[in-house]
Amino acid sequence: MDLQELQQIARRERERSRRIRIHCCTSSGCQASDALEIKRRLDEAVSEAGLDSEVEVVGVGCLGFCGQGPMVTVEPGDVLYEHVRPDHAAGIVAAINGGTCEAERGDLHHPFFARQYPIVRKNGGKIDPERIEEYIAAGGYRSLYRAINELTPAEVIDEITRSGLRGRGGAGYPTGLKWSTVAKSRGDRKYIVCNGDEGDPGAFMDRSVLESDPHLVLEGMSIAAYAVGADQGYIYVRGEYPLAIQRLQKAINQAKKLGLLGSQIFDSAFDFRVDIRVGAGAFVCGEETALIASIEGRRGQPRPRPPYPAESGLWGKPTLINNVETFANISSIVERGSAWYANIGTETSKGTKVFALTGKIRNTGLIEVPMGMTLREIVEELGGGAADGGEVKAVQTGGPSGGCIPASLFDTPVDYESLAKVGSIMGSGGMVVMDESTNMVELAKFYMEFCMDESCGKCIPCRVGTVQIHRLLGKITAGQATPADIEQLRELCQLVRDTSLCGLGQSAPNPVISTLRYFPEEYAALVPNE
Amino acid sequence: MFNSNGVHTTMSTLPASSQTRGTPASAGDNRLKILEATMKRNQYRPDALIEVLHKAQEIYGFLSPSLLTLIARSLHLPPSRVYGVATFYHFFSLAPQGEHTCTICLGTACYVRGAGDLMAAAEDVAGVSVGKTTADGRFSLASARCLGACGIAPAIIIDGVVAGHATPEDIAARLTALLTTPSED
């Protein structure tokens, strides 16, 4: 494979492509609402109308507006249909030539779409994730070519460092710094690990990226491997995401066949192989040392750091671990330059972030917005405010490790530092909206039950502390607590936070601490004499 | 369609009636051959344990003690290590699952959209609590952490098929229909 061949594939794909494309979302959300049948019926309708030479139906990745799915778009023309049913198919095809269509029309210029800035999700809803040719026609693998042929590994790392990209898994560690640490670590072998163990309930960004654009992640991993000197990579994906696993495997096979993965990529001395590891249901495996243990076939229990995986990771070798979304940013940064990327976002948080906007909100789905957009803009403009005529009370970010942010603080810009200041975290990108029907103490208990179940049991503060906190919350919700219990709850939260071994335990009290801070009246109402 | 991998407490992918379930030694089936092939493809490496357990559960429906012993021996691992891994991960089930299964997502998005009411309705109709299988082995009720189907919350999986925007009424109706259909036996 060389550049010419790559361009040839892109050209052939563009020539093959029909003038009009009907895009039918085939991600798992829409598949659960009959999307595959809709696609089949659309194919039939195109044939019946004799439009085969002009129109093609393409199963595409996630369009993002999942609450309105199944979704179908027709290009050119920016036509969007929502809540599509199989019996709408004929009408959608007829409408191309001015016929009538019963399907509900949506608006691609709605703020939900118009205010987004897609980088990670640039191909979502546009290309068929199961065909590498479409990814290449959209400019794919050009960055990998450029990295290998025009840049030294050090220059690639420099570019990523200057872009200001920070880890999208939650903690926000500078990506360039991590890469240069791994590059400098000595080892006869180095590994790349992509963390796709998206365990936060309410977050599905990584699932969507893997299902909609698997090659984007593979290309990012390959560029990283070239930069740090690794020749083997693993993608660890949740067992709950069968469609993502299937599409990823297909993508790996296609890339291997074209010589974009494997030995001597782009006829260079660079080799890189990628294997999938399927998770088996353990939230703690999102923690990097636990994830490594799981890839090695052991119980997913974390270990103390240092040494960090960058020095001693998988099988004791230097290992670069980044999240799916982090890798999905790499190709665009190499293609368009660090200056372009660093221009997006805020002073300390560059680029965009994908959020899963869910809960009691009118517009449910995935959004990718520049860092620094305020919660109010996200909830009210993109999200359209509360669902079912309610009033938004709070937003929960960061899942069981994050906190609840009350509506009074919605002018907080979404970046790593500002979210930490109000007692939450960026997390992986779950954003669950709550209205007045959600009891915040019950919610805190819900998250604590989650952490209690998911605690791996290795360190005592987390193993015992989460159980005790859960017990206290149970006492409160049952109306049997005293003011002394609230005091003990505070102390216990602090203790678990300060003394747990890994991020799971250290952040498990966050939902309790933040609800105690912002919704004390809800606790008081349940505690006599408080 | 999701396969049974989509859930926290796992479901059987095999019809309960067709074969002696869970036992590696039962004659006349090629499940053991499939399992052997998987282990061989992984060169019997101990670090392939989780992949092997995934495959074993997929073909046998659950992981019986004899199956775990067999895997331990083949991968040259102490049985304690294999048992430890099998019980650590939610995905692996050490007991047989019902012929039909219903999994209710209890992720946050589903939770604030009323997944708790769905669970109560399901427990009520099926007469079994979450994580349990009915005495006649016909039905298992399970919960999932998060299916990543938050856009269509609350989400449920009935016999491997995901459905969104579920209400207590339709889950009750669907389970009643499922439980009153005669068994395959």
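## Basis of the model

Because the model is predicted, local features need pLDDT of at least 70 and side-chain atom pairs count only at pLDDT 80 or more, while totals for chains, interfaces and linings use all residues. Residues are numbered from 1 along each chain as its sequence is written, and chains are lettered from A and ligands numbered from 1 in the order in which they are written.

## Where chain B touches chain A

Contact (C-beta atoms, placed from the backbone, within 7 Å) links 37 residues of chain B with 39 residues of chain A. On the chain B side, at least two residues each come from helix 2 (49-60), helix 4 (79-88), helix 5 (108-112) and strand 4 (161-163), helices being DSSP runs of H or I with at least four residues and strands runs of E with at least two, numbered from the N terminus. Helix 5 of chain B gives the most, with 4 residues. By class, this side of chain B holds 22 nonpolar residues (Ala, Val, Leu, Ile, Met, Phe, Trp, Tyr, Cys and Pro), 3 charged ones (Asp, Glu, Lys and Arg) and 12 polar ones (the others, Gly among them).

A:Met434 lies in strand 14 (residues 430-435) of chain A. Leaving aside neighbours within four places in sequence, A:Met434 is in contact with B:Val112 as well as A:Gly359, A:Lys360, A:Lys393, A:Ala394 and A:Gln396. A:Met434 counts as buried because it has 24 C-beta neighbours inside 10 Å, where 20 or more make a residue buried, 12 or fewer exposed, and numbers in between partly exposed, with C-beta atoms placed from the backbone.

Helix 22 (residues 510-518) of chain A is largely enclosed by the rest of the structure, since 7 of its 9 residues are buried; among them are A:Val512, A:Leu516 and A:Tyr518. The cover over these buried residues includes strand 13 (403-406), helix 18 (440-454) and helix 23 (520-524) of chain A.

The axes of helix 7 (residues 142-150) and helix 11 (residues 214-228) of chain A come within 9 Å and cross at roughly 5°, the axes being lines fitted to C-alpha atoms over the stretch in contact and the angles running from 0 to 180 degrees between N-to-C directions. That makes helix 7 of chain A roughly parallel to helix 11 of chain A (under 35 degrees; over 145 is roughly antiparallel, 65 to 115 roughly perpendicular and the rest oblique). Helix 7 of chain A contributes A:Ser143, A:Leu144, A:Ala147 and A:Ile148, and helix 11 of chain A contributes A:Glu219, A:Ser222, A:Ile223 and A:Tyr226.

## Domains of chain B

Chain B is assigned domain 1 (19-88) and domain 2 (100-180), with bounds from an automatic or database domain assignment. The centres of these two domains of chain B, taken over C-alpha atoms, are separated by 29 Å.

Conventions. Two residues are in contact if their C-beta atoms, placed from the backbone, lie within 7 Å.
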